[in-house]
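Here is a short tour for anyone meeting this model for the first time. Have a look at it, then read on.

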Amino acid sequence: MAASRTPRTDPLTLEVVELIGSVVNRYHDEYERAASKHALTGAQARVLGLLSLEPMPMRRIAQKLKCEPSNITGIVDRLESRGLVERRPDPADRRVKLAAPTEDGKRTARELRDGLDDFAREPLGTLSREQRVSLRDLLKLMLDS
């Protein structure tokens with residue numbers, strides 16, 4: 001019989017969970033503010049930022065952003081209607097369509113990144129390499145359990 005785990009609700013655990021939530025909320029709030037300066041939603045800005053790194057199929061965008069592919073289709077449709085994204089055949093498999101930024105899309109993604117507040121642009125900027133490695137390892141440990 002598997003041992004049941006008792007929930008950890010000690011003050012330290014609650015504080016850590018609260019801090020993780022605060023980091024995520026602050027990042028998203030700053031990203032939303034920067035996106036609105038370009039008349040984009042936060043979701044549109046995240047998709048555009050992701051595509052500025054490399055063109056990709058919508059299914060992969062959905063996997064990276066942890067959402068439904070149908071949501072990505074609508075976001076890409078809106079970005080495409082604004083001339084920021086285009087669909088093109090995948091050279092490796094012409095049956096697959098890639099979403100790719102246009103030149104305007106690349107410029108907008110760059111301006112978006114440059115317009116982020118320090119925290120959203122580089123949320124780990126105040127941490128040393130050792131601290132970032134420790135944080136990464138702790139987060140992996142949390143997600144793997």
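Which residues does the UniProt annotation "domain: HTH marR-type" cover? According to that unreviewed entry, residues 13-144. UniProt positions follow the numbering used here, feature names are shortened, and annotations may be inferred rather than shown by experiment. Over residues 13-144 the chain is 68% helix and 11% strand, and the end C-alpha atoms sit 18 Å apart. Helices (H or I, at least four residues) and strands (E, at least two) are DSSP runs, numbered from the N terminus.

This is a predicted model, where local features need pLDDT of at least 70, side-chain atom pairs count only at pLDDT 80 or more, and totals for chains, interfaces and linings use all residues. Residues are numbered from 1 along each chain as its sequence is written, and side-chain values use heavy atoms, with hydrogens and water left out.

**Confidence**

The pLDDT (the predictor's confidence in each residue, from 0 to 100) averages 90 for the chain, and 94% of the residues score at least 70. Confidence is highest in strand 1 (residues 85-90), at a mean of 96, and lowest in helix 6 (residues 118-121), at 78.

**How the helices pack**

Axes are lines fitted to C-alpha atoms, for helices over the stretch in contact, and angles run from 0 to 180 degrees between N-to-C directions.

| Helix pair | Angle | Axes apart |
|---|---|---|
| Helix 3 (residues 58-65) and helix 4 (residues 69-81) | about 110° | 8 Å |
| Helix 2 (residues 42-53) and helix 3 | about 115° | 11 Å |
| Helix 2 and helix 5 (residues 103-115) | about 110° | 9 Å |

Helix 2 and helix 5, packing at about 110°, are therefore roughly perpendicular (65 to 115 degrees) to each other. Their crossing is left-handed, with the near helix turned anticlockwise from the far one by less than a right angle (right-handed if clockwise). Ala-45, Leu-48 and Ser-52 of helix 2 make the contact (heavy atoms within 4.5 Å) with Gly-105, Thr-108, Ala-109, Leu-112 and Arg-113 of helix 5. By class, that is four nonpolar, three polar and one charged residues. Ala, Val, Leu, Ile, Met, Phe, Trp, Tyr, Cys and Pro count as nonpolar, Asp, Glu, Lys and Arg as charged, and the others, Gly among them, as polar.

Helix 2 also crosses helix 3, in a right-handed way. Here Val-47, Leu-50 and Leu-51 in helix 2 meet Ile-61, Lys-64 and Leu-65 in helix 3.

Helix 3 in turn makes a right-handed crossing with helix 4. Met-58, Arg-59, Ile-61, Ala-62 and Leu-65 in helix 3 touch Pro-69, Ile-72, Thr-73 and Val-76 in helix 4.

Terms used: Angles under 35 degrees count as roughly parallel, over 145 as roughly antiparallel, 65 to 115 as roughly perpendicular and the rest as oblique.
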